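Here is a short report on selected side chains, ring pairs and a surface patch. The sequence and structure come next.

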Amino acid sequence: QTSCGSRSGGLVCKTVKLAMSLLNRSRILRSALAQSKPRRGGGGFGSPKDHEPKWIEDWTANRREGKDTLDWFFRAFNSTGIYEVFLKSSPRFYGFMVWSAIIGGYCWSRMWDHIWNYVNQGMLYAHCPYVYPIPDDDE
């Protein structure tokens, strides 16, 4: 028996081994298997240290600072630190959303109460002062 498994497959196995040895020596295969860019930091495929394709690196390098029409808003938002404190972590993000909804809902309700009060000034029960009748003197 041969190292490839069966006697009838020996010729096929030898042919495959010969073809692989020739391909290993070929310049085309070696250049195809060579890395296109050395890996930074020694990370393997898919690791955080693995480099991105060139078009992605070029795209992320373009920060568009000063080019957007809302650049003033982005600068103001980033200077507040809201993202770093509240929005970066999932539990803090959900807590921020819940508490913002509670406080925002309360403020929204109070705003409309004040508008209702202003529009209906003098027509609401709270606006009509109770005048106590003069007590009768029985004596």
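This is a predicted model: local features need pLDDT of at least 70, side-chain atom pairs count only at pLDDT 80 or more; totals for chains, interfaces and linings use all residues.

The side chain of Asp71 has a polar partner: the side chain of Arg75, at 2.8 Å. Leaving aside residues up to four places away in sequence, Asp71 touches Glu65 and Gly66.

## Aromatic pairs: Trp72 and Phe73

A pair of aromatic rings is described by the distance of the centres and the angle of the planes. The count of aromatic pairs comes to seven. One of them joins Trp72 and Phe73, with ring centres 6.1 Å apart. Their planes stand at 75 degrees, so this pair is edge-to-face; the cut-off for that class is over 60.

How accessible is Trp72? Trp72 has 61% relative accessibility, so it counts as exposed. Phe73 is partly exposed, and its relative accessible area is 40%. Ring pairs also tie Trp72 and Phe73 into a cluster with Phe74 and Phe77.

## Aromatic pairs: Phe86 and Phe96

Phe86 and Phe96 form a stacked pair, because their planes lie at 25 degrees and planes under 30 degrees apart count as stacked. The ring centres are 4.8 Å apart. This pair links distant parts of the chain. Phe86 sits in helix α5 (residues 82-87), Phe96 in helix α6, and the two are 10 residues apart.

Are these two residues buried, exposed or partly exposed? Phe86 is partly exposed, with a relative accessible area of 35%. Phe96 is partly exposed too, at 24% relative accessibility.

## A nonpolar patch and Ile115

Which residues make the nonpolar surface patch? They are Trp108, Met111, Trp112, Ile115, Tyr118 and Val119. The patch has an area of about 700 Å².

Ile115, one of the patch residues, is found in helix α6, which runs over residues 90-119. The relative accessible area of Ile115 is 35%, so the residue is partly exposed.

Conventions:
Residues are numbered from 1 along each chain as its sequence is written. Side-chain values use heavy atoms; hydrogens and water are left out. Patches are made of residues with over 30% relative accessible area and no salt bridge: like charges are joined within 9 Å, nonpolar side chains (Val, Leu, Ile, Met, Phe, Trp, Tyr) within 5 Å. Accessible areas come from the Shrake-Rupley method with a 1.4 Å probe; for residues, only the protein chains shown count as cover. A salt bridge is a side-chain nitrogen of Lys or Arg within 4 Å of a carboxyl oxygen of Asp or Glu. Helices (H or I, at least four residues) and strands (E, at least two) are DSSP runs, numbered from the N terminus. Buried means under 20% relative accessible area, exposed over 50%, partly exposed in between (1.4 Å probe, protein chains only). A polar contact is a pair of N or O atoms within 3.5 Å; within protein, one must be able to donate a hydrogen and the other to accept it, and residues adjacent in sequence count only if both atoms are side-chain atoms. Contact means heavy atoms within 4.5 Å. Rings of Phe, Tyr and Trp (its six-membered ring) pair if their centres lie within 6.5 Å; planes under 30 degrees apart count as stacked, over 60 as edge-to-face and the rest as tilted.
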